[in-house]
Amino acid sequence: NVRLSASAIGQEERILKVAFGHKGKTLGLAGCSITVEGDKNDYQGNPPPAPPEPPSPERLPLVVDSQEAPDLTIQILVAQEPSGSRRLVFTFDCTDAVIAPQIRALRGQVRIQGEREFVQSITFPAAQMLGAGVFRLLVGQGKLIRERATPPEMWTAIGMVRARVKEPHILIASEEPFIPWELAYVSTPILTGPPFLGAQVALSRWIISATNVVQAPPSKIPSTTAEVLVGRYDGVRWPRLENAERESDEVAGLFGTAATNADLKNIFTALDRSPTRDVLHIAGHGVAGGFEDGIITSDNLHVVPAQVRGSQISGMPLVYLNACEVGQGAQTLGGYGGMAEAFVSQGASAVIAPIWRVSDAEAREVALRFYAGMRANKTAGEVMREIRSDFKETSLSATVLAYQLFGNPRLKLA
């Protein structure tokens, strides 16, 4: 039972959110609206309005499997204030029975605004600057994320887990679509590499929504079949990506298949294939923002998030989108949006994609390192941490930091 006290009568409708978890896994999120109407003495002889009919209860298809959970799960819910500002509410879960009670007792919150503009202040310069300039930019922005977008309780939880696991696997399950938690500044790094959270721990993210049942992302997926598509451009409107073409042939070769042209028809065919291949890899141009947000096809058209939602994806593929900016989150009708969210909403078990413009040559190297690490039986979180750890003050670009992993950080290919 939960007892709630109202601070005033007649406030705007509020939403009570409850996150469900089991053994360290976030399994689902439910919400209900609450409006404080007062009691019969507040209506001066007039009867209070009848309460609305409660919705019919629905059985939630929560599935608890035996696969491995992250060492720490950080849940971030968004609370809308009557003033229009937003509050991020942090809760924590842990698989270590010794420290789990203390971890679960932690609660944190921060008030935020201007998240979209903040991300834009990172993504554009990160794609333009070189060397020490971009390194200092991202360290500075990482410090802002730590100071203004994360509560002390989050770092307490991470510290407790790191005291027991040198290289922990951490999942951030969030309603907030914009903030790149991977770049949060770590004040006391214990591993070699840059002082970013995503380079110090095996970190991934997942999407939670008040309107959808969200199951824990799996820790093992099959990798028998793959579909590889590559944007082959004429160089007129969109420049040719020679390294993307090489990358696609090399990735396809790993799975014993051949890359196909990423025109609109072939992409839709791949999305609707039944069953969808275990791995879906798309390399090409991408853009974020505006109506044309999404993947640029070989025939100079666009695949936007709504079209992915409108597809008939079957199975739970691993989706690798090596296209500039398509990993960025967005807000759609008040909820989490974007290309990664579209694939997750349609059943993808994991999505890897960059949030800013990346170097064609380095993007190829990142993709090949990812598959090489996964085929060496490393977890996806470990592979991404190793890739991010290569970023240095002397690095020519920030491509290795651009990629976000949506999925279980312990994900392995079966």
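Visitor: Is Ser204 buried or exposed?

Guide: Welcome! Keep in mind that this is a predicted model. Ser204 sits in strand β7. Its relative accessible area is 1%, and a residue counts as buried when that figure is under 20%. Ser204 is therefore buried.

Visitor: How far does the backbone oxygen of Gly407 lie from a polar atom of the Ser204 side chain?

Guide: Gly407 is among the residues in contact with Ser204. On the Gly407 side the atom in question is the backbone oxygen, and on the Ser204 side a polar atom of the side chain; the distance is 2.6 Å.

Visitor: Let us step back for a moment. How many helices and strands does the protein have, and what share of its residues is buried?

Guide: The secondary structure comes to eleven helices and 20 strands. Of the contacts with a separation of 6 or more, 74% are between residues 24 or more positions apart. The protein has 414 residues, and the buried share is 52%.

Visitor: What does the side chain of Gln404 make a polar contact with?

Guide: Gln404 lies in strand β19, and it is buried, with a relative accessible area of 5%. Not counting residues up to four places away in sequence, Gln404 touches Pro180, Glu182, Arg205, Gly327, Val351, Ile352, Ala353, Ile355 and Arg388. One of these gives a polar contact between side chains, at 3.3 Å, and that partner is Glu182.

Visitor: Which elements are included in what covers the buried residues of α11?

Guide: Helix α11 is mostly covered, with seven of its nine residues buried. Those are Ala380, Gly381, Val383, Met384, Arg385, Ile387 and Arg388. The cover includes α5, β7, α10 and β19.

Visitor: What word describes how α10 lies relative to α11?

Guide: Two packed helices are described by the angle between their axes and the distance between the axes. For α10 (residues 360–375) and α11 (residues 380–388), the angle is about 140° and the axes are 9 Å apart. That angle makes α10 oblique to α11.

Visitor: How do the residues of the contact of α10 with α11 divide into nonpolar, polar and charged?

Guide: From α10 come Val366, Arg369, Phe370, Gly373 and Met374, while α11 brings Ala380, Val383, Met384, Glu386 and Ile387. These divide into seven nonpolar, one polar and two charged.

Visitor: Are α6 and α10 roughly parallel or roughly antiparallel?

Guide: The axes of α6 (residues 242–254) and α10 come within 8 Å and cross at roughly 15°. An angle under 35 degrees counts as roughly parallel. So α6 is, relative to α10, roughly parallel.

Visitor: How many charged residues are in the contact of α6 with α10?

Guide: On the α6 side are Glu242, Asn243, Ala244, Arg246, Glu247, Glu250, Val251 and Leu254, which meet Asp360, Ala361, Ala363, Arg364, Ala367, Leu368, Tyr371 and Arg375 of α10. Of these residues, eight are nonpolar and one is polar, and the number of charged ones is seven.

Visitor: Are α2 and α3 roughly parallel or roughly antiparallel?

Guide: Helix α2 (residues 115–128) packs on helix α3 (residues 132–149) with axes 10 Å apart and an angle of about 165°. Their crossing is left-handed. An angle over 145 degrees counts as roughly antiparallel, so α2 and α3 are roughly antiparallel.

Technical notes. Residues are numbered from 1 along each chain as its sequence is written. This is a predicted model: local features need pLDDT of at least 70, side-chain atom pairs count only at pLDDT 80 or more; totals for chains, interfaces and linings use all residues. Side-chain values use heavy atoms; hydrogens and water are left out. Axes are lines fitted to C-alpha atoms, for helices over the stretch in contact, and angles run from 0 to 180 degrees between N-to-C directions. Helices (H or I, at least four residues) and strands (E, at least two) are DSSP runs, numbered from the N terminus. Angles under 35 degrees count as roughly parallel, over 145 as roughly antiparallel, 65 to 115 as roughly perpendicular and the rest as oblique. Contact means heavy atoms within 4.5 Å. Ala, Val, Leu, Ile, Met, Phe, Trp, Tyr, Cys and Pro count as nonpolar, Asp, Glu, Lys and Arg as charged, and the others, Gly among them, as polar. Buried means under 20% relative accessible area, exposed over 50%, partly exposed in between (1.4 Å probe, protein chains only). A polar contact is a pair of N or O atoms within 3.5 Å; within protein, one must be able to donate a hydrogen and the other to accept it, and residues adjacent in sequence count only if both atoms are side-chain atoms. A crossing is left-handed if the near helix is turned anticlockwise from the far one by less than a right angle, and right-handed if clockwise.
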